[in-house]
Amino acid sequence: MMERALLRLLRSHALRASRISSSCFLQGGAVPRRLQHVRALVSAASSLDKVSQFELRDLSASRHKPIWEAWSRGFADVAGGPGDIVVPFMGDSVPDGVIAAILKKPGDAVAVDEIVAQIETDKVTIDVRSPVAGKIESVTAKEGETVTPGTKVAIVAVGEAGAMSVPSPPPPKEEKVAPPPEPAAPAPQPPPQAPPKTPEKVPPAPAASQSQSPTEVHLPPKGGERRIPMTRLRKRVATRLKDSQNTFALLTTFNEIDMTNLMDMRAEYKDAFQEKHGVKLGFMSGFVKVAVSALQQLPSVNAVIDGDDIIYRDYVDISIAVGTSKGLVVPVIRGADHMNFAQIEKTINTLGKKANDGSISIDDMAGGTFTISNGGVYGSLISTPIINPPQSAILGMHSIQKRPVVIGTNIVVRPMMYVALTYDHRLIDGREAVLFLRAVKDKVEDPRRLLLDL
């Protein structure tokens, strides 16, 4: 009877864990950490049918250690011991990372969930936190080391007592033994042998190196030099941008926009907008709405090449390029085609804060069908942006400057902005690119077109 009860208990736990894991998979979410080894549990439980009653009796006879205790102990060993700080799961597309900083050293106190180290990946910075409170007993990883999920970073002595007992230094006794070797002081004899003009042989060495490369001119640095390794994020951005140049047939078309009407609308309604929605009204939300309308009008700009096929998207996810101190990140406004001005502004503010404080996640940057880059915030007058792979086009905004323009028969001064569209000429023809940029220009210069869907 007891064997059957144990069998039913294990099967019920395995079935429940399997359902939770399957639900997470179908919804596109990550499986909870405590269920990451659910397959082992399910397979082990299913194999119980083959276990003989004699083996079950032997297993259940150990009343001091219940069977479920043995199961859970196996999972704990995979994730590390109770005092082990290990690298967490970093995402399906992030197999490894580089330890950018170790914030604790041996002997330091650490609290539960306190950050001990930071790992820099190709996309984001991930914190490694302590699962227990105590003191750091030892640090097993080094800065600059490449680590994978599950790698042990440090060991924590749980509780202050355990940590205080760690320092047991026997080296001072060894230092006292050091004086005896000193009597064997034939060492002073080599110095007199040094004068055979060995230092005079050092100058010829540089002469030999100069003769090997006579065309090179070496000038002394004027103010010093510093050499620091590139961050993973910087290397990843550099690789992606170079791949973009090597893969896409890049071409850029330009136009200029009279910002008068959009600026007047913003000046007239910005106070009422902030009072109602609790967020400031900027120009970026207007350009996002305009870009969405233009992408729906010209769907090839929102498409992408996949092998020998073209994938047309019926949705619009706008990526916004954000420059941070650690490098360029591109968070995504998902479902921008179903958002109003206030929702877009709130989303931009949230993503911008995450990008600047380093808390932005991989999910915040995954996907995107079209990118907008605003170089005008840095004073750029005109530029040719590079496509963000695997997208097919990017819109570049620039600074607003007052310039003389001809309206009718008069020359007037208007706030003007140059805009640029870089596109993949393999997929997007010049006609479509020019029409897209023209649609952006028309809707920004006359925002009423957005309401009338023109």
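What follows is a chat about confidence, salt bridges and the surface.

Trainee: What should I know before I start?
Mentor: This is a predicted model, so to speak of a local feature we ask for pLDDT of at least 70, and side-chain atom pairs count only at pLDDT 80 or more, while totals for chains, interfaces and linings use all residues. Residues are numbered from 1 along each chain as its sequence is written, and side-chain values use heavy atoms, with hydrogens and water left out.

Trainee: How do I read the confidence, and where is it lowest and highest in the chain?
Mentor: pLDDT is the predictor's confidence in each residue, from 0 to 100. Where it is low, the predicted coordinates should not be read in detail. Here the chain has a mean pLDDT of 75, with 67% of its residues at 70 or more. The lowest confidence is in helix 4 (residues 67-79), at a mean of 38, and the highest is in strand 19, at 95. Helices (H or I, at least four residues) and strands (E, at least two) are DSSP runs, numbered from the N terminus.

Trainee: Which stretches stay under 50?
Mentor: Residues 21-78 do, and the model has 44 contacts for them beyond four places in sequence. Residues 161-168 also stay under 50, with 5 such contacts. Contact means heavy atoms within 4.5 Å.

Trainee: Now the salt bridges: how many does the structure hold?
Mentor: The general idea is that side chains of opposite charge can pair when their charged atoms come close. The cut-off is a side-chain nitrogen of Lys or Arg within 4 Å of a carboxyl oxygen of Asp or Glu. By that rule the structure holds 12. One of them joins Lys-152 and Asp-84, at 3.5 Å from N to O. Lys-152 is in strand 8 (residues 152-158) and Asp-84 in strand 1 (residues 84-86), so this pair ties together parts 68 residues apart in sequence.

Trainee: Are those two residues buried or exposed?
Mentor: Buried means under 20% relative accessible area, exposed over 50%, and partly exposed in between (1.4 Å probe, protein chains only). Lys-152 is partly exposed because its value is 36%, and Asp-84 is buried because its value is 15%.

Trainee: What about Arg-414 and Asp-258?
Mentor: Their side chains meet in a salt bridge at 2.8 Å, N to O. Arg-414 sits in strand 19 (residues 410-424) and Asp-258 in strand 9 (residues 250-258), so to speak distant parts of the chain, 156 residues apart. Arg-414 is partly exposed at 25%, and Asp-258 is buried at 13%.

Trainee: And which residue does Lys-354 pair with?
Mentor: Lys-354 meets Asp-364 in a salt bridge, 3.5 Å from N to O. Lys-354 belongs to helix 12 (residues 341-357) and Asp-364 to helix 13 (residues 362-365), 10 residues apart. Lys-354 is partly exposed at 28%, whereas Asp-364 counts as buried at 15%. There is also one network, in which salt bridges that share partners join Asp-113, Asp-127 and Arg-129.

Trainee: Last one: where is Tyr-378 found?
Mentor: Tyr-378 is in the loop between strand 16 (370-374) and strand 17 (393-397). Tyr-378 counts as exposed because its relative accessibility is 65%. Its C-alpha atom is 8.6 Å from that of His-398, 20 residues apart along the chain. The loop between strand 16 and strand 17 is also the place of Ile-386, which is partly exposed at 30%.
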